[in-house]
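Hello,

Here is the structure I promised to pass on. My notes follow below it.

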Amino acid sequence: MNDIYIINTHSHVNMLRETNIDEAVQNAIDNKIVTIVPSSTAEDIFETDKFIQKYNGVYGYVGVFPEEVKTFTDKTLSDMEEIIKHNPKIIGIGEVGLDYYWDKSFKELQKEVFIKQIEFANQMNLPLNIHSREAHLDTLEILKKYNKNSTAILHCFSGSLEFAKECIKEGIYIALGGVVTFKNAKKTKDVAKNIPLEYLLLETDDPYLAPAPFRGKENQPMYVKYVAEEIANLRGISTEEIAQISTENAKKVFKNIEF
Ligand code: NI
């Protein structure tokens, strides 16, 4: 396992509270885990930019999260462009998307900002890291209509196997995290077991959703190993194979990643 890298495609390691951040990054590096950190608001794209420059093996996305679209202004896209131009470690746009779970009162604004960020990703020729919660159909419909040339990743995929297959038909990648290790996560286990492996990516979404041995505790990037292990068990293959295949996939999606 030791000579195989794992790409953790979604980790808010900059948001850890109980774990020392430098230590969590070091743990990831020691375990040959490359981490990609998303942005959430129009302001914290600057924080992501600074944060990822501090560490080797840590990359980032710029983007505005669906619940934070009210922070998006006329200036946001040019700010993102500026950051992308000076920082080659920004390797995608994220996390962007739709979330109807918490607050449905600004669905239209969420859609509008999602579309603008898809078009921006297309212009920049960068992949999209997408958050979709209770909004699967709208997310897919918008991607089909507006996404021309960016590879899309559905982060923390929570749909059914049938929906995963529908997304894969559109060339969308499926990123799985700690949820797949939860005993009652039948739907996600079914997805992990049955999707074509060429569309699988791994993540943690830490500090949230720690995998089974640590469930309820603070998550961290290195726990992506437990996600790989669970998927390997479900499919009856080795963890090394899952690590290797998902890393090959990630290298295809993130052309600017180097390690
Ligand atoms: Ni996230």
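Where does Pro207 lie? Pro207 is in the loop between strand S8 (200-202) and helix H8 (224-235). Helices (H or I, at least four residues) and strands (E, at least two) are DSSP runs, numbered from the N terminus.

Two notes on the source. This is a predicted model: local features need pLDDT of at least 70, side-chain atom pairs count only at pLDDT 80 or more, and totals for chains, interfaces and linings use all residues. Residues are numbered from 1 along each chain as its sequence is written, and side-chain values use heavy atoms, with hydrogens and water left out.

Back to the loop. The bond from Asp206 to Pro207 is cis, with omega near 10°. Leu209 is found in the loop between S8 and H8. Its phi is positive, near 55°. Leu209 is partly exposed because its relative accessibility is 30% (buried is under 20% relative accessible area, exposed over 50%, partly exposed in between; 1.4 Å probe, protein chains only).

Next, the metal. His10 (NE2), His12 (NE2), Glu95 (OE) and Asp205 (OD) coordinate the nickel ion at 2.1 to 2.5 Å. Donors are N, O and S atoms within 2.8 Å of the metal (3.2 Å for Na, K and Ca); water is not among the atoms, so sites may look incomplete. Along the chain the spacing reads H-x1-H-x82-E-x109-D.

His12 is buried, at 3% relative accessibility. Glu95 is buried too, at 2%. Glu95 sits in strand S4, and a cis peptide bond joins Gly94 to Glu95, with omega about -5°.

Best wishes
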